[in-house]
Amino acid sequence: MSMAHKIAKKVSDMPPSGIRRFFDIVNEMEDVISLGVGEPDFDTPWHIREEAIYSLEQGKTIYTANAGLLALRQEICNYMQRRFNLTYDPTNQALVTVGGSEGIDISLRVLLDGGEEVLIPEPSFVAYMPCTVFAGGVPVPIETFAENNFKLTAKQLEEVITPKSKLLILPYPNNPTGAIMEKSELEEIAKIIIKHDLLVLSDEIYAELTYGTEHVSIASIEGMYERTIILSGFSKAYAMTGWRLGYALGPIELIAAMTKMHQYALMCAPTTSQYGAISAMKNGDYDVEEMRKSYDARRKLMINGFRKMGLSCFEPHGAFYVFPSIKETNMTSEQFCEELLNEEKVAVIPGNAFGRSGEGYIRCSYAYSIEELKEALTRIERFVSKKLK
């Protein structure tokens, strides 16, 4: 008996992730170089693993408080003060989540009543739109473009606001483009947010991975602290993707509501991961800096490689992705990716997986070794040279 008709319409109508489709194809092919995964190629630093192992040896395997270990929340708040000059109370303004992904999900479910609008700059992370729909909200995409460095402008924001607008997702540093927002640009955005009494979900998972410009959180802009939820985590900066650990910071009432939803759905984040994360927060600054230096070298290699082969490539100043244009080939993003995979065995992600304005681009992660990146560029250049003839 088919159960398809029993599935909620908002779930059955949602297409699968455009990223996962290419992963599935790659898993069935041999000798593929994949630049599709947004995952650091570094091992989790040893002091983090050692702390987690020690916690297991001591039998620290029971549930933690719903909001997470107080010691970890204290270190998260210390880190935010040290790095971004933002002050949060670890007892009631911090929540430890199961990855940054849970933070996205529960913050949207906590904030949205049916039909309320969420403003989402695109291209951006593939989960924002589906999670908005699953929470009963209405996603409103705001297209950003290479000629404006893929940044959201105050004018664009003002133009899409309606009486139903409630929340702006601010995804910077950005996945997939690598774009960042500078303080002066955030100040202009903030004026519109305050004028229309919006809330902000600021996804800052790549805050430590910026090149040449320090990350600025919109929560540090005057008038924004009290209307911003910051989401971040340990996956990207500390190479802890499989540990599934993130955090949310924000106003007391909003964090309390998120903690309530978290306690019913998940109880608490993984205990062993939390002990490891304490060491990440206390002792991980050096590790982050070393990884950032390595990513920066790879970033420059990728930008130069794509430009050399005749493709225009926006220079990313954050995250670990490049987002080159493939419009010169007269191919769609999906066509380019499928033919590149079949002909040269290189996997990249079509830009339209991240929103309509991503059409004509591809996302390439440079969280891989220099040797792999050089070989991938050689294969892509060979492919592109045939398409540009």
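Residues are classed here as buried at under 20% relative accessible area, exposed at over 50%, and partly exposed in between, with a 1.4 Å probe and protein chains only. The model is predicted, so local features need pLDDT of at least 70 and side-chain atom pairs count only at pLDDT 80 or more, while totals for chains, interfaces and linings use all residues. Residues are numbered from 1 along each chain as its sequence is written, and side-chain values use heavy atoms, with hydrogens and water left out.

F125 is partly exposed, with a relative accessible area of 25%. The residue lies in the loop between β3 (117–122) and α6 (128–134); helices (H or I, at least four residues) and strands (E, at least two) are DSSP runs numbered from the N terminus. Apart from residues up to four places away in sequence, F125 touches I104 and N175, a contact being heavy atoms within 4.5 Å. F125 and T177, 52 residues apart in sequence, are 9.8 Å apart in space from C-alpha to C-alpha. The loop between β3 and α6 also holds P123, and the peptide bond from E122 to P123 is cis, with omega near 5°.

I104, touched by F125, is one of the buried residues of α5, which also include G99, E102, G103, I106, S107, L108 and L111. Helix α5 (residues 99–111) has 13 residues and reaches 19 Å from its first C-alpha to its last, close to the 18 Å expected at 1.5 Å a residue. The expected span of a helix is 1.5 Å times one less than its number of residues. For the 15 residues of α4 this rule gives 21 Å, and the end C-alpha atoms are 21 Å apart, which agrees.

In α4 (70–84), the buried residues are L72, R73, E75, I76, C77, Y79, M80 and F84. They pack against β2, β7, β8 (246–249) and α10 (271–283). Just after α4, N85 takes a positive phi of about 55°.

Q93 is placed in the loop between α4 and β2 (94–97) and is buried, with a relative accessible area of 10%. The side chains of Q93 and Y225 are joined by a polar contact of 3.1 Å. A polar contact is a pair of N or O atoms within 3.5 Å; within protein, one must be able to donate a hydrogen and the other to accept it, and residues adjacent in sequence count only if both atoms are side-chain atoms. The Q93 side chain also reaches the backbone oxygen of G250 at 3.1 Å. Not counting residues up to four places away in sequence, Q93 touches T87, Y88, Y225, A248, L249, G250, P251, I252 and I255. Of these, I252 is found in helix α9 (residues 252–265) and counts as partly exposed at 42% relative accessibility. With neighbours within four places in sequence left aside, I252 is in contact with N92 and Q93.

A search of the whole structure finds two cavities of 30 Å³ or more. On a 1 Å grid over the protein atoms alone, a cavity is a set of points where a 1.4 Å probe fits but cannot get out, and lining residues have an atom within 4 Å of a point. Grid points are joined across faces, edges and corners, and a volume is the space filled by probe spheres set on the points. The largest cavity holds about 100 Å³ of space. Its lining has 14 residues, of which Y79, E204, A207, S232 and Y247 lie nearest the centre. At least two lining residues come from each of α4 and β7 (228–233). The lining divides into ten nonpolar, two polar and two charged residues, where Ala, Val, Leu, Ile, Met, Phe, Trp, Tyr, Cys and Pro count as nonpolar, Asp, Glu, Lys and Arg as charged, and the others, Gly among them, as polar.

The second largest cavity holds about 70 Å³. Its lining residues include Y172, P173, E204 and H215, and by class the lining has eight nonpolar, three polar and one charged residues. Y172 and P173 are joined by a cis peptide bond with omega of about -5°; P173 is in the loop between β5 (165–170) and α8 (183–195).

F150, in the loop between β4 (138–143) and α7 (154–160), counts as buried at 1% relative accessibility. N330, in the loop between β9 (321–322) and α12 (333–344), is exposed, with a relative accessible area of 72%.

Technical notes:
1 Å grid on protein atoms, 1.4 Å probe; cavity = no way out; pocket = protein on both sides within 12 Å on 5 of 7 lines; lining within 4 Å.
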